[in-house]
Amino acid sequence: MTDDLRASATTHEPLLSVQHLQKIYPTPGGPIEAVRDLTFELRSGEFACLVGPSGSGKTTLLKCISGLMAPTSGTVTLDGKLVDGPPRKMALVFQEYGRSLYPWLRVDGNVELPLRAAGIPKAERQERVAEALDAVGLAHVPHSYPWQLSGGMQQRVAIARAVAYRPEVLLMDEPFAAVDAQTRADLEDLVRSVWKRLGLTVLFVTHDIDESVYLAERVIMLSSSPTIVQEDLRIDLPEERDQLETRSLPRFVELRHHVYEQIQKAKRGFNADAA
């Protein structure tokens, strides 16, 4: 992380601000309130994980934050500007990486595509693609096709495409849910490495409690639907983390237990009415 980014990360001004977000879906049976009153902020350079029970509105929240869906009420601001459509300073990585990659384009072509759409000059596009592929450990396969790669490598391509866009905020919607446990561990270390190397602000949605504690500086726990923030927990683990050593630390076990306990509480019906 650069000195400028480290300095901005220590300021009190939020980069991303979600204030009193509410989302109500109209249905034939009547309105359904998915998100009730959700408020949190991220400073520049922070890594936060969102966890909550199934159906707690995590994906709905990401769609509202990314400008893909308008909230019923409340606001999302990025760098002090209202998000009312997909912001140029934000990128999103989905779980279904296979569907997000074009099989007829080579790896470098997939990573370059949003840069080309943004009108970035060819020389700069090539520089960004090379930098992004190097950051995710794929500098050796730029001319391969996605279908020639493993699932984990395909997800690395999706991450490279997002970071090549040089966003300020990277949103990740359960990006490792479809890969095996060993690949998942490798990708967890990869995303922390990319986060620190490029100075990104990351908001990472996951169902995996251990993953949230291992990855993040903060774990934001959501209640059952209609959703509010149940707890915003600071993860006070060492900055440098290792899959074996970190997960063996007594503090890791304590934090994991606490998050698990809160998720179970949410499943039992903690919501705004119970707060």
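Analyst: Happy to! Let's begin with handedness: a crossing is left-handed if the near helix is turned anticlockwise from the far one by less than a right angle, and right-handed if clockwise. By that rule, the crossing of H5 and H6 is right-handed. Please keep in mind that this is a predicted model, where local features need pLDDT of at least 70, side-chain atom pairs count only at pLDDT 80 or more, and totals for chains, interfaces and linings use all residues. Residues are numbered from 1 along each chain as its sequence is written, and side-chain values use heavy atoms, with hydrogens and water left out.

User: Why are H5 and H6 called oblique to each other?

Analyst: The axes of H5 (residues 122-135) and H6 (residues 151-164) cross at roughly 135° and come within 9 Å. Angles under 35 degrees count as roughly parallel, over 145 as roughly antiparallel, 65 to 115 as roughly perpendicular and the rest as oblique. H5 and H6 are therefore oblique.

User: Which residues of H5 and H6 meet, and how do they divide by class?

Analyst: Arg128, Ala132 and Leu133 of H5 meet Ala160, Val163 and Ala164 of H6 (contact means heavy atoms within 4.5 Å). They divide into 5 nonpolar, no polar and 1 charged; Ala, Val, Leu, Ile, Met, Phe, Trp, Tyr, Cys and Pro count as nonpolar, Asp, Glu, Lys and Arg as charged, and the others, Gly among them, as polar.

User: What angle do H5 and H7 make?

Analyst: H5 and H7 (residues 181-198) pack at about 135°, with axes 10 Å apart, so this pair is oblique. On H5 the contact uses Glu131, Asp134 and Ala135, and on H7 Leu190, Val194 and Arg197. By class, that contact has 3 nonpolar, no polar and 3 charged residues.

User: Which strands form the open sheet, and in what order?

Analyst: The order is E2-E1-E4-E5, with antiparallel pairing. Two strands pair if DSSP finds at least two bridges between them, and E4 (residues 73-78) and E5 have 2 bridges. In one of them, threonine 77 is partnered with leucine 82 of E5.

User: What makes E2 and E5 edge strands?

Analyst: E2 (32-42) and E5 (81-82) each have a single partner strand, so one side of each is left without a neighbour in the sheet.

Methods
Axes fitted to C-alpha atoms, helices over the stretch in contact; angles between N-to-C directions. Helix = DSSP H or I, 4+ residues; strand = E, 2+ residues; numbered from the N terminus.
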